[in-house]
Structures are given as C-alpha cells and as structure tokens.
Amino acid sequence: MYDAIIIGAGVIGAAVARELSRYQCSILVLEKGEDVCVGTSKANSGLVHAGFDAKPGSLKAKYNVQGSLMMEELCRKLDVPYERNGALVLAFSQEEMETLQGLKRQGEENGVKELAILEKEQLRKQEPSLSKEAVAALYAPTAALVCPFLLTIALAENANMNGAEFLFEREVTHIQKAGEGYEVKVSSPANSGKQESYLGKNIINCAGLYSDKLHNMVSKRSYQITPVKGEYCLLDKSEATAASSTLFRVPGKMGKGVLVTRTVHGNLLLGPTAESISDKEETATSREGLEKVLTDTRHTVPDLNTGMVITSFAGLRAHERDGDFVIGEAEDAHGFFDAVGIESPGLSSAPAIGSALAGMIAEKNNFQQKEQFQEERKGIVPFVSLSPEEKEAIVKEKPAYGNMICRCEMITEGEILEAIHRPLGAKSLDGLKRRVRTGMGRCQGGFCTPKLVEILEREWGISKLKLTKTGGSSRMLADENR
C-alpha cells in the first residue's frame, strides 16, 4: 500500500507530488495521458496572476496571492523561465474606471502589493501600441510570466528525483474504500488494456476536468465540473514588441476576456475566449472563436499584425458550479483529499496548493521530513543561449549538439536526446515540444518532424509506426499493409 496516490500529473498533481516528496512516505502518481502536462496545464496563458480579481475571502484569492509570492523562488530552484512583466487592466469609459477602482480595493484586500491606477498619459508612455481609446488602467507590477509546460515538467522531475513514482496511461475507473485506505482501479492501455489496482492510504484528487467524477465516487457531497473552452492565437516572435506588460480589458461575466501577452519564449499570445461546453475532450478551434480573439485584440492593440499568427489552439478550464477552488480532505471520506475546480488562477496558485495539501496530509499521517531532500533541479540548457566557446566545448564532448534539428527554434539533437533520457523523458512529438520547443517555431514542425520521428524510434527502440503525436491513438504514420 502506498502512503499517497496522486491522481493527475498536471501542474497541481506535480506540485503536490514535489511537496509531498519532502516527507518519508511512498508516493504514486497515476496519469491517464502518456506524459505529464497533457490536460488543462498544457493549454493556458502562462500567466502568474497578481491576485486582484479573485473574490476576497475565497480560496482562489488566498492561493493565488500565496502562489504568486512563491513562484519566482520556485522557478529559480527548478531552473524554469520566469519573467515579472506586470499586468494592465484597461478601462475605455468612465464606468469602467469605477470598476478599476473596485478591482484595486479588492486586490489590496487580498494582499496584492504595489497596485496603482495609471492615467492616459502614463499608460501611453508605458505601452505605446495601445488603443488611444483606453483612458486608464490598473497596474499590477507583481504579475509575471512562466512556461506552464516547463514548470509542470520540472515539478514532476523533481518529485521523481525525490522518490515519487509515476505511471502513465493509467485512467482511474473506480475508487473504493479498502481497509485503512482506498483501492484505485485503473484501465491500462500501456499494459494491453488490462485492469490494474493500487492501494493507497491517502488519495489526492488532482484530476482536473474529471476531478468531480473521482470525488463523487467516494463522497455524498457531489461536485460538478463544466468545461470552459478558451481559444488562442500564437503570433511569431516578430510581434512580441506590441506589448511589454500583459494587457487585459475590464473583466465581464465570463472572466478576464481576451488578453494580449508575451510568452517567456518571446512569442505574442492572444486569447482566450470563454465558452461553456459539455464535452471534456473537445479542444477544437472554431472560425468564430478565433475571429473573436483577433477582433477583440484589435480593440486593444489596433496596429497589431494579426497576419503573423503561426498557430492556434484551445484549452479547457475546469469550472466547478460553486465558482471556487475546493481544496482539502472530503468531510465524509477520510484520507481522500481534493483539488477540485482548479481553473484560472490555478497555474498561479499551484505552488501554494501543492504546499498546503502536502502539509495537510503530512500532518494527518505524522509523516516526518526527509533529512536529504533534493530541492533544486537543472533544466535542459538551450544550445542557442550558449557563448561560442561554450558551444564549441559541448559539441566536442557531445557531438550530437552540433547537429541542428529544429531550424526555427535552433534546437540541436543533443537537447532532444537529453529530453528523451531525463527522468520522465519524452516519448512523443508533443513530449519533445513541451520540453525543448521542437516544432514550436514559424514552420510548426514542417521541417523537423521526420527527423524527430527517426530519433524517437532509435532511442526508444520501437517502430515509428507506433510513435504518436501526443499518446493514445495519435499515430504519426499509418501502416500501409493494414
């Protein structure tokens, strides 16, 4: 029996695993996808929200502000890109000006520091590309940018380095009380479709869009998750100068609205829309959704060259009907801990949620902290960032670094090999994309994909016919003999 079974390897599950691995306990992470960061965590804005827009007294406000304060140091320890660029909430009328004042008071009540209202002249000086119709903005200098892929991967790798076990392609089908703990039954395509079961003294439910389903298996207090689809456009790096801060408009009933922001990698991101849907797997983009993104963006930054869109995508947010996070032990299912309804600002809140849940579980079970906890982790060093002397030295030691595979993002075979052979290494094209950005440039994998398939086949020792884009049935190649 494991001391703790975590269900879900998104940013929340990975954060809980990392924090719980500080203690002397056995940890198993079950993930239905083929990798970490394949659900909600892989498709969001990558923002560390300051915390001014969450309702005072809510768990969203509490964990957002705590997580935002923790994020920079966490990223430093885990070698994850982090950039404090600030955020602006734009007002276009006197009525919206009053809303800004309300957001400022709310943020201050939540504990957000340094909030300020910028008048038109200050605003234009800070963001020259803004619409001239913007009359003022709430400025939150503590808002920041992070890479959601690299943060989730780093948390999971660090947890694994400290003893947490990860099993992928394990979809939980049933949870039931069993003695002093719970039996978790899973369906495992990775094991020829056989049913498997695992025993855990404590269960931590970090299943995102399916967290309601798992909670409702063990508790009479039911939750209901509604997927909210958000569509995005990603622009080429040539457009990144259009905004230095993250630009919002005054929020409406459906949330913060379409934003304009740089990414930590130098692209410009537009979106998301917000559409409540019923299908928890529906991530298709639509003409209407993408047109809304581009139209709303032009109201914020009129001269933006939206012809430089290099890709579009959609993500799903897990909205619980009561509107707040659900964090903690279920009242009628002792040993079953929830992280339910983790929508925005979930990424910002992840460090605090991970720490809080791990603390609750450790206290309840009297887990003792390890004498040796490996708190830091080094990421994959981008070859392009090295000096000429460093490049020469690494190519001399590892010749694969001299073979350029992804020309758009300047990714070498050496970086790709490290992404494959690290703890919890990449097994698919998207696994490589999340770790080293292959296929994320202007050509979107048009040139590098065949070579990436060859490298994955060689390193994993499996037929390229079995290789996938992102696990499951997303095969890259078809067998002409079938």
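Tyr-182 and Phe-336 are both buried, where buried stands for under 20% relative accessible area, exposed for over 50% and partly exposed for anything in between (1.4 Å probe, protein chains only). This is a predicted model, where local features need pLDDT of at least 70, side-chain atom pairs count only at pLDDT 80 or more, and totals for chains, interfaces and linings use all residues. Residues are numbered from 1 along each chain as its sequence is written, and side-chain values use heavy atoms, with hydrogens and water left out. Helices (H or I, at least four residues) and strands (E, at least two) are DSSP runs, numbered from the N terminus.

**Aromatic pairs**

- The structure holds 4 aromatic pairs; rings of Phe, Tyr and Trp (its six-membered ring) pair if their centres lie within 6.5 Å, and planes under 30 degrees apart count as stacked, over 60 as edge-to-face and the rest as tilted.
- One of them is the stacked pair of Phe-166 and Phe-168, with 6.2 Å from centre to centre and 25° between the planes.
- Phe-166 and Phe-168 are buried as well.
- Tyr-182 and Phe-336 make an edge-to-face pair, at 6.1 Å centre to centre and 65° between the planes.
- Tyr-182 belongs to strand S11 (residues 181-188) and Phe-336 to strand S20 (residues 336-340), so this pair ties together parts that are 154 residues apart in sequence.

**Charges over rings**

- Tyr-182 also has the charged end of Lys-177 sitting over its ring, 4.5 Å from the centre; for this, NZ of Lys or CZ of Arg must be within 6 Å of the ring centre and within 35 degrees of the ring normal.
- Lys-177 itself is part of strand S10 (residues 171-178).
- With a relative accessibility of 48%, Lys-177 counts as partly exposed.
- If you skip neighbours within four places in sequence, Lys-177 is in contact with Tyr-182 and His-334 (contact means heavy atoms within 4.5 Å).
- Lys-177 and Lys-201 are 24 residues apart along the chain, and their C-alpha atoms are separated by 9.7 Å.
- Over at Tyr-210, it's Lys-280 that lies over the face of the ring, at 5.2 Å from the ring centre.

- S20 is largely enclosed by the rest of the structure, because 5 of its 5 residues are buried.
- Both faces of S20 are covered, with Phe-336, Asp-338 and Val-340 buried on one side and Phe-337 and Ala-339 buried on the other.
- In a regular strand, side chains alternate between the two faces of the sheet.
- S20 pairs in the parallel sense with strand S12 (residues 194-205) over 3 bridges; two strands pair if DSSP finds at least two bridges between them.
- Opposite Phe-336 in S20 stands Ile-203.
- Strand S19 (residues 326-329) pairs with S20 too, in the antiparallel sense and over 4 bridges.
- Here Gly-328 stands opposite Asp-338 in S20.
- S19 and S20 form a hairpin with 6 residues between them, and Gly-335 in the turn has a positive phi of about 90°.

**A three-stranded sheet**

- There's also an open sheet of 3 strands in the order S3-S8-S4, with antiparallel pairing.
- Its edge strands are S3 (47-48) and S4 (82-83), each of which pairs on one side only.
- S3 and strand S8 (residues 144-146) run antiparallel and are joined by 2 bridges.
- Leu-47 has Leu-145 in S8 as its bridge partner.

**Helix H8**

- H8 (residues 346-365) has 20 residues and should span 28 Å at 1.5 Å a residue, which agrees with the 26 Å between its end C-alpha atoms; the expected span is 1.5 Å times one less than the number of residues.
- H8 has a kink of about 35°, centred on Ala-352, where the bend at a residue is the angle between axes fitted to the seven residues ending there and the seven starting there.
- Since 15 of its 20 residues are buried, H8 is largely enclosed by the rest of the structure.

- Asn-158 sits in helix H5 (residues 148-161) and is buried, with a relative accessible area of 0%.
- Not counting residues up to four places away in sequence, Asn-158 touches several others, among them Arg-18, Leu-78 and Phe-373.
- Asp-430 lies in helix H11 (residues 429-436) and is buried, at a relative accessible area of 10%.
- Leaving out neighbours within four places in sequence, Asp-430 is in contact with Lys-469 and Thr-470.
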